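Biologist: I am new to this structure and would like to go through it in questions and answers. Could you put it up first?

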Amino acid sequence: PGELAFEIRQLGERIARSDLQPTDYGDESDTGLELNPHVTILYGLHTDNGEELRPLISATGPIAIQLDKVSVFHADMSTPATKDKPKYDVVKIDVISEGLHKLHHALKKHFEHTSTYPDFKPHITIGYVKPGLGEHYAKRLNDLQGKVAVFDRLIFSNKHREHHPIQLTGQAQFGEEEHDGDKHFSDAALKIAKNQGSKSREILT
């Protein structure tokens, strides 16, 4: 996953083990930490065949992102927790990227999917903590805010958790526009992104 993923996992190591909440997501999060930091572009695709997506995705150029503040998806306490469905706060890094928004909407337009999330809020999960503890860590894990990375491949993950890489081979476009009121790149971040464009080999999921 590269240097950026390592740095994000290091943030997770600063969460007290007693505050972590293992989730119902399977092996990758059975400690409460996200072991494979990634950005989910579209959850709930009906197809199980990554080759169906390849033409659209591969025509996309490398995508630049800028890390924003750490924030929290708060646990929904309207229903009781169970052993199989625990409650937790999600501690995550918000991500700024017009390129991600464009690819998300293109996939939604061309492929059948089922999603319970009406708004696309790109983020990278650091870990899952017991309800009520998310804000405590959101204030303390902002070391990477402002960091820029460029990704040149996407990983399609099917329902069997099989991973299929797809290279982003189109023309790179790092000019960022404001998207529905979301934040956009600073001038300094754009310069860094353009510089990294031909060098970065991070993975975007």
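Modeller: We can begin with a lysine. K147 has a relative accessible area of 28%, so K147 is partly exposed. This is a predicted model.

Biologist: Which side chain does K147 meet in a salt bridge?

Modeller: K147 is in the loop between α4 (134-138) and β4, and its partner is in helix α1 (residues 2-12). The N to O distance is 3.4 Å, and the partner is E7.

Biologist: Is E7 buried, partly exposed or exposed?

Modeller: Buried means under 20% relative accessible area, and exposed means over 50%. E7 has a relative accessible area of 22%, so E7 is partly exposed.

Biologist: How far apart in sequence are the parts tied together by the salt bridge of D143 and R14?

Modeller: The side chains of D143 and R14 meet at 3.0 Å, N to O. D143 lies in the loop between α4 and β4, while R14 lies in the loop between α1 and α2 (54-58), so the parts tied together are apart in sequence by 129 residues.

Biologist: How many salt bridges are there in the count?

Modeller: The pair of K147 and E7 is a salt bridge, and so is the pair of D143 and R14. D94 forms one with K92. The count comes to 5.

Biologist: How far apart are the closest N and O atoms of D94 and K92?

Modeller: D94 is found in strand β2 and is partly exposed at 22% relative accessibility. K92 has 6% relative accessibility, so K92 counts as buried. The two form a salt bridge, with the closest N and O atoms apart by 2.7 Å.

Biologist: Over which ring does the charged end of K92 sit?

Modeller: K92 is the salt-bridge partner of D94. The charged end of K92 is 4.1 Å from the centre of the ring it sits over, and that ring belongs to F73.

Biologist: What is the C-alpha to C-alpha distance between D94 and I124?

Modeller: Leaving out residues up to four places away in sequence, D94 touches several residues, including P122 and H123. D94 and I124 are 30 residues apart in sequence, and the distance in space from C-alpha to C-alpha is 6.6 Å.

Biologist: Where is K87?

Modeller: The two elements on either side of K87 are strands, one at 63-73 and the other at 89-96. K87 is in the loop between β1 and β2.

Biologist: Which side chain of opposite charge is nearest to K87?

Modeller: K87 is buried yet has no salt bridge. A salt bridge needs a side-chain nitrogen of Lys or Arg within 4 Å of a carboxyl oxygen of Asp or Glu. The nearest side chain of opposite charge is 4.9 Å away, and it is that of D76.

Biologist: What is the angle between the planes of Y88 and Y128?

Modeller: The count of aromatic pairs comes to 1. Y88 and Y128 form this pair, which is edge-to-face, with 5.3 Å centre to centre and an angle between the planes of 80 degrees.

Biologist: How many residues apart in sequence are the parts that Y88 and Y128 tie together?

Modeller: Y88 counts as buried at 13% relative accessibility, and Y128 counts as buried at 5%. Y88 lies in the loop between β1 and β2 and Y128 in strand β3 (residues 123-129), so the parts they tie together are apart in sequence by 40 residues.

Biologist: What is the phi of R161?

Modeller: R161 is found in the loop between β4 (148-157) and β5 (163-167). At 53% relative accessibility, R161 counts as exposed. R161 is not a glycine, yet its phi is positive, at about 65 degrees.

Biologist: How many helices and strands does the protein chain have?

Modeller: From the N terminus on, the elements run α-α-β-β-α-β-α-β-β-α-β. That order belongs to a chain with 5 helices and 6 strands.

How values were computed. Residues are numbered from 1 along each chain as its sequence is written. This is a predicted model: local features need pLDDT of at least 70, side-chain atom pairs count only at pLDDT 80 or more; totals for chains, interfaces and linings use all residues. Side-chain values use heavy atoms; hydrogens and water are left out. Helices (H or I, at least four residues) and strands (E, at least two) are DSSP runs, numbered from the N terminus. Buried means under 20% relative accessible area, exposed over 50%, partly exposed in between (1.4 Å probe, protein chains only). Lys and Arg count as positive and Asp and Glu as negative; His and the chain ends are not counted. Rings of Phe, Tyr and Trp (its six-membered ring) pair if their centres lie within 6.5 Å; planes under 30 degrees apart count as stacked, over 60 as edge-to-face and the rest as tilted. A charge sits over a ring if NZ of Lys or CZ of Arg is within 6 Å of the ring centre and within 35 degrees of the ring normal. Contact means heavy atoms within 4.5 Å.
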